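Thanks for coming. I'll go through one model today, starting with a ligand site and ending with a pocket.

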Amino acid sequence: MERVDHLAHERNKSEFDVDAMKIVWAGSPHAFELSDRISKLVASDPGFRKDNRTMLSRKDLFKNTLRKAAYAWKTIVDLHLSEEEAAKLRFYVDEPAYTDLHWGMFVPAIKGQGTDEQQQKWLPLAYKMQIIGCYAQTELGHGSNVQGLETTATFDPQTDEFIIHSPTLTSSKWWPGGLGKVATHAIAYARLIVGGRDYGVNGFIVQLRSLEDHSPLPGITVGDIGMKFGNGAYNTMDNGVLQFDHVRIPRDQMLMRVSQVTREGKYKQSDVPRQLVYGTMVYVRQTIVADASCALSRAVCIATRYSAVRRQFGSQNGGPETQVIDYKTQQSRLFPLLASAYAFRFIGEWLKWLYTDVTQRLQANDFSTLPEAHACTAGLKSLTTTATADGIEECRKLCGGHGYLCSSGLPELFAVYVPACTYEGDNTVLLLQVARFLMKTVSQLGVKKPVGTIGYMTRVDHLMQCRCGVQRAEDWLNPSALLEAFEARAARMSVACAQNLSNFDNPEEGFAELSADLVEAAVAHCQLIIVSKFIEKLQQEIPGKGVKQQLEVLCNIYTLFLLHKHQGDFLSTGCITPKHASLANDQLRSLYSQVRPNAIALVDAFNYTDHFLGSILGCYDGNVYPKLYEAAWEDPLNDSVVPDGYHQYIRPLLKQQIRTARL
Ligand SMILES: CCCCCCCCCCCCCC(=O)SCCNC(=O)CCNC(=O)[C@H](O)C(C)(C)COP(=O)(O)OP(=O)(O)OC[C@H]1O[C@@H](n2cnc3c(N)ncnc32)[C@H](O)[C@@H]1OP(=O)(O)O
Ligand SMILES: Cc1cc2nc3c(=O)[nH]c(=O)nc-3n(C[C@H](O)[C@H](O)[C@H](O)COP(=O)(O)OP(=O)(O)OC[C@H]3O[C@@H](n4cnc5c(N)ncnc54)[C@H](O)[C@@H]3O)c2cc1C
């Protein structure tokens, strides 16, 4: 039977070359070809089916994840997939699993913090999955405060070993993904104690389980920490608890790139800064930013397609009702999220570039850009994950009642995504790191020239007193007007915080007292980075009919939406007047009308398969109602017409009601 495309009339309206946009979204023709091929490979293989996840018990769910991970590995080996192809395949399998931590943190930690010899020894085993690793940093008592970790690694010069020990209940490792049931090895973070002196936290490679029968090694107590938020969702992951009871490991299993302990028990610090011990977190935060656009674009794709299918009210003379996407309120909630998905895509690309650049500099012993890289990865991770988690929930509401069904894909997407606001650094804690960087920059103005993303501070005198020149709504389309408003707001908020801080005798006390304002200043700075990189992206040549114009509309929506949402900041710092704010809002409304005919094509450009989207509401052909109806009958509760428990719990009730009625 020929498939009917219920969204064809929407696709026909689009004013740009969707195939060209697909390449812009993917990043390059090569990236597009890779994503397209691998996503179709996964979608067409029943071994990667995922539509039954929310109905399985935890044990069945977990076993199914193990099966899928093993099947994915077999596919990778059988098809001789490259590293890049394998990573894409894991991405499209779309199920949190121990492999995320093995490839995403264990391997990068050895690469970033191990010496050449350590890499030569451990990486080949990890690459072939002959060992499976996790990243065991967080403890029951401490996650954010890494310096507060309690696990100890005490050097024993007699045996040339470290003794890894959990001295308290609160020092139990708690949360590491893959630890609970699978990992054979961990990078465990512990306080390095040499000759009775505490040298702070460092990473150690510790074997946890036998490679023969998977039983925990002597001195190791390990298990899963229990069910987490939502059905299915992150419960495919075995986040674990781990205690060490005087576990001995050879000295050469301390990751020794940053500091070393010699055979004689001497501690040595390399030339590299100590902060590189935190390097794996910087790497993962950068990947999380890139990932935010994937999660948000999925939710937006579902909500946009469904908003074009769904009709409510407004029928004229018995004709069709209004598509809900035509309501201005729906547009004002949905289109900023569509624009954010594109903005996060481009900031993710830029951050990847920044990370590569800082890595190359570190290799050449140039550590000058490390503080900026830390501030950018921390701040952008915080901003994009908060906006994405909120955005997925908004998309669920945009889909009305049907958005609450698991078959919409949105509840599970939210439940899987929302811990991103906490893991790899709580979002508020990370913004406070950005605020420290900003306060340091302001205090050094005139002594040290700010560069890179903080370069706008060189014009602080101008930014403190400039006036917005916008006179008509269209003037807000001028990138210089937008940039200056965002730069002035960010600079003024940072300078105001710095001035307030100077009123305190004790700077740390002042920082704690003003921390809520400091977080807002950090948000303003990070929003400026995203806006400025989107504008920079549009200064490049972008091929394809109408593609650049669409991106300009999205960039303006993203920027003016932020200005509208945070107009309190812009007004209170005097960067704009109420008249400017009102003109910005007028312009925003007009931009929504421009994006409307292109909305479906703009989400088609994500090129997601129905398998990856995992949503009846978001399916490509828009044939929503028959699919919802069919799916309802597949629920196990509908296996029988009369439910289990009828004779025990319903019938006696009904009988009792009959007797009461007769009385
Ligand atoms: C494709 C693959 C996908 C992979 C996805 C994986 C799956 C994901 C699944 C989920 C997986 C989830 C997995 C997980 O969740 S793994 C666990 C993740 N845990 C965290 O993220 C903990 C968060 N806490 C911290 O990072 C630190 O303790 C903070 C930063 C809060 C404070 O720390 P501390 O109290 O020690 O520091 P300080 O404030 O005295 O500052 C000291 C100096 O150090 C500088 N500094 C601080 N940090 C960094 C840094 N990073 N690079 C460079 N520099 C840094 C700082 O600017 C300052 O500089 P200066 O001012 O003195 O110059
Ligand atoms: C799903 C998931 C997977 C994870 N995977 C791993 C893993 O693989 N490996 C691993 O090691 N860890 C992992 N973690 C742990 C994670 O990294 C930590 O939970 C995270 O760093 C937050 O730390 P916390 O839990 O100690 O939060 P807390 O620091 O206790 O935060 C609690 C509250 O206190 C606030 N707060 C804390 N400090 C400050 C401050 N200085 N100023 C103001 N407010 C503050 C926070 O904003 C938050 O509101 C995972 C966590 C989750 C949820």
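From which domains does the shell around ligand 2 draw at least three residues each? Domain 1, residues 108-270, and domain 2, residues 279-604, both qualify. Keep in mind that this is a predicted model.

Now the shell itself. There are 20 residues around ligand 2, and the ones that come nearest are Y135, Q137, T138, S144 and D426. By class, the shell holds 9 nonpolar, 9 polar and 2 charged residues. Helix α12 contributes the largest share, at 3 residues.

For Y135, a backbone N or O atom sits 2.9 Å from a nitrogen atom of ligand 2. Q137 also uses a backbone N or O atom, which is 3.0 Å from an oxygen atom of the ligand. With D426 the side chain is involved: one of its N or O atoms lies 2.6 Å from an oxygen atom of ligand 2. As for cover, ligand 2 has 970 Å² of accessible area on its own, and the protein covers 63% of that.

Next, the second largest pocket. Its volume is about 490 Å³. The lining consists of 24 residues, with L337, A387, D390, F561 and K565 nearest the centre. Split by class, that lining is 11 nonpolar, 9 polar and 4 charged.

Which helices each supply at least two residues of this lining? They are α9 (328-363), α10 (370-398), α12 (427-443), α16 (515-538) and α17 (547-565). Of these, α10 gives the most, with 8 residues. Helix α12 is on this list, and α12 also came up in the shell around ligand 2.

Note on methods. Residues numbered from 1 in each chain as written. Chains lettered and ligands numbered in written order. Predicted model: local features only at pLDDT ≥ 70, side-chain atom pairs only at ≥ 80, totals over all residues. Heavy atoms only, no water. 1 Å grid on protein atoms, 1.4 Å probe; cavity = no way out; pocket = protein on both sides within 12 Å on 5 of 7 lines; lining within 4 Å. Points joined across faces, edges and corners; volume = space filled by probe spheres on them. Helix = DSSP H or I, 4+ residues; strand = E, 2+ residues; numbered from the N terminus. Nonpolar A, V, L, I, M, F, W, Y, C, P; charged D, E, K, R; others polar. Near = heavy atom within 4 Å. Polar contact = N/O pair within 3.5 Å; in protein donor to acceptor, adjacent residues only side chain to side chain. Areas by Shrake-Rupley, 256 points an atom, 1.4 Å probe, with all protein chains shown as cover. Domains from an automatic or database assignment.
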